[in-house]
Amino acid sequence: KSAMGDADQQAATDAAPAAASEVPPAAADTGDASLLNIRVVYAKKTVKMTVSANSTVEQLKKDIERETGCPAALQKIMLKGLFSSPDKPELDSRQVAEAGLTEGAKLLVVGASAAQVIRMTAAEAAAKTGNFTLDAEAAGAAQQPQKWCEQTQHRKVLDKGKPSDAPFAYRPGQDPFPEGMLLGMMDHRGKVRLSLKLDENAMVIATNERTQKYPLHAIQGVTSQPIMGHEEYHILCIQLGASDRSNYYIYWFPAQYVSALKALIP
């Protein structure tokens, strides 16, 4: 019996390494393999983050809120198109990998910060209670935008008339910015084309003389005013640098794309 017991024990000892070798060698690395290193661009700043490919978009937005201060409920996120938006909550239940997030991806986040929300809430409360001073009202009146259509520099372009190939436009409209080049618009020299490269987070402006690409985070702002008599079109002002001297004006820009373009510029 002792000999048989020793033999059985030896057989079990010999079998042990074989059993251990059946464990998949990658099992221990499963957790690391599911982690994605990404970059998040918000308010002209880039934050590096590491997230799980198995986490949901909703969880990612909470992580972004902790890193940037932009409330998850207000975040509009772009990744080669719309990744998440406050008005599309159904997108947030997806796993980030399913939604297209990959290693090294760059997300563009647009939305008011918590501090900005507090300031806006305070302003709305003051408006409801009528707590405005005469000086504040006067300041508000002084800040009313000028009518660009009446300024000489813009009239020189508008007086040439709407281009025969101007893009279709209507109002009110809040359409997503179209894929490809938007044609048929004008600048102060002639025809201009505009497109967005969301996979590169860039705006492309092309004229007959040159084509230039501008990173979205480097653009300081986008404003517009409707063209009188043709309110379905706007004069679009893109501030490409730190001062107003860098303002670039595009004429006959379709009104339905204004909101989408402004939303992309933090």
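I call a residue buried under 20% relative accessible area, exposed over 50% and partly exposed in between, with a 1.4 Å probe and protein chains only. This is a predicted model: local features need pLDDT of at least 70, side-chain atom pairs count only at pLDDT 80 or more, and totals for chains, interfaces and linings use all residues. Residues are numbered from 1 along each chain as its sequence is written, and side-chain values use heavy atoms, without hydrogens and water.

Helix 3. I looked up its buried residues and found Val57, Leu60, Lys61, Ile64 and Thr68. They lie on the same side of helix 3, because they cover an arc of only 100° around the axis. I take the arc from the directions from the helix axis to the C-beta atoms. Helices are DSSP runs of H or I with at least four residues, strands are runs of E with at least two, and both are numbered from the N terminus.

Cysteines. Cys70 has 0% relative accessibility, so I count Cys70 as buried. Cys237 is at 4% and therefore buried too.

Pocket lining. Which elements each supply at least two residues to the lining of the largest pocket? I noted strand 3 (76–78), strand 7 (191–197) and helix 7 (258–263).
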